Amino acid sequence: MKARVHVMLKNGVLDPQGEAVRHALGALGFDGVKGVRQGKVIELDLEEGISEADVAQMCEKLLANTVIESYVVEIV
Amino acid sequence: MRAAVVVFPGSNCDRDLAVAFKAAGLQVDMVWHKDSALPQGVDIVGIPGGFSYGDYLRCGAIAAQSRIIGSVKTHAERGGYVLGVCNGFQVLTETGMLPGALLRNAGLKYICKTVGLKVETTQSVYTEGYDAGEVINIPIAHHDGNYFADNETIARLQGEDRVAFRYTDNPNGAQADIAGILSENRRVLGMMPHPERAADIGHGGTEGAALFRALAGAVAAA
């Protein structure tokens, strides 16, 4: 089983990297991009028996910093 | 009068911190992150600057899970002193020993320069050697020093007089110009600027030395 964890900065937390990407897109002529938020995707290759709840624990303890980030676990 | 400096793979200010502790009269042991316990009788633990684990995942995130961190937490819970500088501050927020987090600098650039810091409180062993409101010049060198916490936390830090230092000219976008904060019991200090890099005449500035002198003085008096 594989899990894909999406980690994003929470709404309201400034994302200067996303802003820089937005500016760069504008400079390339891509108009109409109102906002860019940059996050990360972490893929986990899991043994049988590891549950989605276990992955959520991994997110809480290490993969995301819940002070500034939110996460979504996707089982693939 | 003993200090321990924790060394992670990628720490690069560990020796500087040890030199500053020694100059203040402390005996210093270097402690490897894989060690399971601090040396007996340690009064102060220093978490140094650097790029622990290459800043992988998030700055300080992997170091915060090291074996030695359990002992550092126990030390703090018993009322021991812990000083985290730069990456050390990031590690302390990642462990939850200090609130908030350090985000990428608002201007996206790594900044290495000397900045003005206003001493916001003298009610700690780290800052009692300064005058309240005094401005000291201390170097910063970081890419992720933009202090963030929710409004409630910022209000609590300010209400409890736990902001130790503020930037006089905010270089990184930190909320409320915060450069360093204290724990609830005021014995854990995390700060992005490097007082150990302004602690010897050869550094070009010595305004960080009073922090180490006051800390050593407090330990000696205890």
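## Strands that pair in chain A

Two strands count as paired if DSSP finds at least two bridges between them. The structure here is a predicted model. In chain A, strand β1 (residues 2-9) and strand β2 (residues 40-45) clear that cut-off: 6 bridges join them, in the antiparallel sense. One bridge sets Lys2(A) against its partner Asp45(A) in β2(A).

Strand β1(A) also pairs with β3 (residues 69-75) of chain A. Here there are 7 bridges, and the two strands again run antiparallel. Met8(A) stands opposite Ser70(A) in β3(A). Strands of a sheet pair through backbone hydrogen bonds, either parallel or antiparallel.

## Chain A as a whole

Chain A has 2 helices and 3 strands. Along the sequence they follow the pattern β-α-β-α-β. The radius of gyration of chain A is 16 Å, whereas the globule rule gives 11 Å for 76 residues, so chain A is more spread out than a compact globule.

The C-alpha trace of chain A spans about 50 × 25 × 15 Å along its principal axes. Buried residues make up 13% of the 76 residues. Now take the contacts in chain A with a separation of 6 or more. Of these, 67% link residues 24 or more positions apart.

## The sheet of chain B

Chain B holds an open sheet of 9 strands. Their order is β2-β1-β3-β4-β11-β10-β9-β6-β7, and the pairing is mixed. Strands β2 (27-32) and β7 (135-142) of chain B are the edges, since each pairs on one side only. From one strand to the next, the twist averages 20°.

Strand β1 (residues 2-7) of chain B pairs with β2(B) over 6 bridges, in the parallel sense. Ala4(B) stands opposite Asp29(B) in β2(B).

## Helices against the sheet

Which strands of chain B does helix α2 lie across? Helix α2 (residues 67-77) of chain B lies across β1, β2, β3 (44-47), β4 (81-85) and β11 (188-191) of that chain. It runs at about 125° to β4(B).

Helix α1 (residues 14-23) of chain B has several buried residues, including Leu17(B), Ala18(B), Ala20(B) and Phe21(B). Asp14(B) and Asp16(B) are buried too. The buried residues of α1(B) pack against strands β1, β2, β3 and β4 of chain B, and against helix α5 (209-221) of chain B. Just after α1(B), Gly25(B) takes a positive phi of about 100°.

Technical notes. Residues numbered from 1 in each chain as written. Chains lettered and ligands numbered in written order. Predicted model: local features only at pLDDT ≥ 70, side-chain atom pairs only at ≥ 80, totals over all residues. Helix = DSSP H or I, 4+ residues; strand = E, 2+ residues; numbered from the N terminus. Axes fitted to C-alpha atoms, helices over the stretch in contact; angles between N-to-C directions. Contact = placed C-beta atoms within 7 Å. Buried ≥ 20, exposed ≤ 12 C-beta atoms within 10 Å, placed from the backbone. Rg over C-alpha atoms; globule rule 2.2 N^0.38 Å.
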